[in-house]
Amino acid sequence: MRRIISMVLCAAMLMVSGCGAEIGEASNSFSMTISGSPATMDPQLAMDTLSTRSVCLYVSTLYAYNKKNEILPALAESYELSEDKLTYTFRLRDGLKWSDGRPLTAADFVFAFRRAVDPDTGSSMVFLMTDSCTIKNAAGINMGECKTEELGVSAPDDKTFIVELEQPCPYFLSLLTQPLFSPCNEDFYEECAGEYATSVDTILSCGAYMVDQYEPLAVQIGYKKNPYYFDPSDKLPVEINLRVVGNNQQGVMCFLTGMFDNTVINGNVVSWLGENDNMIDIEYANSQYIIFGNLDKSAVKNKHIRRALSLDVDREGIVKNVIRAGAVSLNRISPKNYYMETDGTDFSADDHRYDDDANYSPELAKKEWEQGLKELGTDKVELELALDSTKKDICEIIKQEWEKTLPGLKIKYNVMQSKDWVLATSKAEHDMLFAGWAADYVDPTAFFNMFKTGSHGEGGYSNPTVDELLEKCNTSEMVSNPDERNKTLHRIEDILMEDAVEVPVYSDEVCYLVTPEYAGFDLTPTSSGIVIESLERRD
């Protein structure tokens, strides 16, 4: 009876959303739910998770992750690195083509990289070129001080693409897996006359799939195999369909009836389902945290106030009682299971390294709070906490604990719509903001660089020692000595935690229901990409 009811509800939902039997008709199609329409399908503009995951299905990059989290050649065949570790020379594969059959050449990478850094493009991901791994002249171009033609990229011939960096970057290949670094054909871009990547006709594929159904704000995005892709694997699904389903329970009911092959689920649904052989948890490098702003005028400018707030968060209780599934508590800036040291040890393996900074301790929090109030010369503090509606239950628990333990504290909410919240994360106009950050590459600096002086999203924090150590990590000497570099990375996190630059709360683990036929489904460690390698059954 439950299955019949589920089928009726799913059919009604899909009819209302304007589709129906199109999903799953092909015997080897792959259909999955997404929580909303992507903000953009433009690889050089994609910033949010929905957009990057939608884009990654139709683009490819020089190098890419496989299901084992190995970085392998994709559009590139190989590369050479200069002795000073500043110049990468990529050799492209033979016979590369775009989905319309036109040749894909090194010039397409030159145009894409220049377009990404051009201030007129307005890419929010340009910091990957200007800050993370600094491509020669990228910062000057983005600030309007240099011409785009001065960017450190070139194509001496159709199969050779050269990138010049301003300083060594040991994680450059990992960075290149991001959609920002996918190629763009200049002729096609110009033909689109300002409408690039806004419809099926204005999207050109260089990946395993091509887009065959898409409109902005549509409830479904359809993909079919790209006949010109360099690796036409028979193990891949013939088509992929993404369907907007905003309600977790609806997605689960449709999965149970066979209408979807994959759907993401939350803690409430996990509790409702109980044990299920189709349920998998996928880890990726991310942090969900409270960031401080207004450090020049708010009470959070005081380090003891910040430390008190961090010490008075029951992270384990929040994960167990509020989130309930798909998360692990986090008491440091760098999450577990994404960056390994040279001996194979997890960089973030030590659960007790920061017990004095972020382990739940109301008693210690109260002492820090009293010291902070004394230094501020007040006995009352009111702080505004900005958040999006999905974090309200978590923030309510934190608010209650803070106001109970810390005398004189009053927390005021500012619940934002998702669009406003995304904008707020790039500004420093809030006392506190519940935010999330996923690594763009596999290196702890993916989480530390946001605390560089003047960096985006850090709310005004500035520490010359941190700046110096971050710069030191990208020197030739450090890149050639990874053990010493790792020690420096630990020192950076030690300083940031002692300074209480944020309140780490938890790290997401995406929980999915996936049909057994799709053993090849996974996410890249940076969460920006979906990996679908085969139709083979899971063990």
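1. The second largest cavity is lined by Asp-131, Gln-167, Tyr-171, Thr-445, Asn-449, Lys-452, Leu-470, Glu-471 and Asn-474. A cavity here is a set of points, on a 1 Å grid over the protein atoms alone, where a 1.4 Å probe fits but cannot get out, and lining residues have an atom within 4 Å of a point. The lining divides into 2 nonpolar, 4 polar and 3 charged residues. Nonpolar means Ala, Val, Leu, Ile, Met, Phe, Trp, Tyr, Cys and Pro, charged means Asp, Glu, Lys and Arg, and the others, Gly among them, are polar.

2. A word on the source: this is a predicted model, in which local features need pLDDT of at least 70 and side-chain atom pairs count only at pLDDT 80 or more, while totals for chains, interfaces and linings use all residues. Residues are numbered from 1 along each chain as its sequence is written, and side-chain values use heavy atoms, with hydrogens and water left out.

3. How much space lies in the second largest cavity? About 50 Å³, a volume being the space filled by probe spheres set on the points, which are joined across faces, edges and corners. The structure holds 2 cavities of 30 Å³ or more.

4. Leu-470 turns up again in the packing of helices H17 (residues 464-472) and H19 (residues 482-498). Helices are DSSP runs of H or I with at least four residues, and strands are runs of E with at least two, numbered from the N terminus. The axes of H17 and H19 lie 10 Å apart at an angle of about 160°; axes are lines fitted to C-alpha atoms, for helices over the stretch in contact, and angles run from 0 to 180 degrees between N-to-C directions. H17 and H19 are therefore roughly antiparallel to each other (angles over 145 degrees).

5. Which residues make the contact of H17 with H19? H17 brings Thr-465, Val-466, Leu-469 and Leu-470, and H19 brings Thr-488, Arg-491, Ile-492, Ile-495 and Leu-496, where contact means heavy atoms within 4.5 Å. By class, that makes 6 nonpolar, 2 polar and 1 charged.

6. Finally, have a look at the second largest pocket, with about 820 Å³ of space. A pocket is an open set of points with protein on both sides within 12 Å along at least five of seven lines. Of its 31 lining residues, Ala-64, Tyr-65, Tyr-229, Val-531 and Glu-533 lie nearest the centre. Strand S20 (530-532) gives the most to this lining, with 3 residues.

Definitions and conventions. Parallel < 35°, antiparallel > 145°, perpendicular 65-115°, else oblique.
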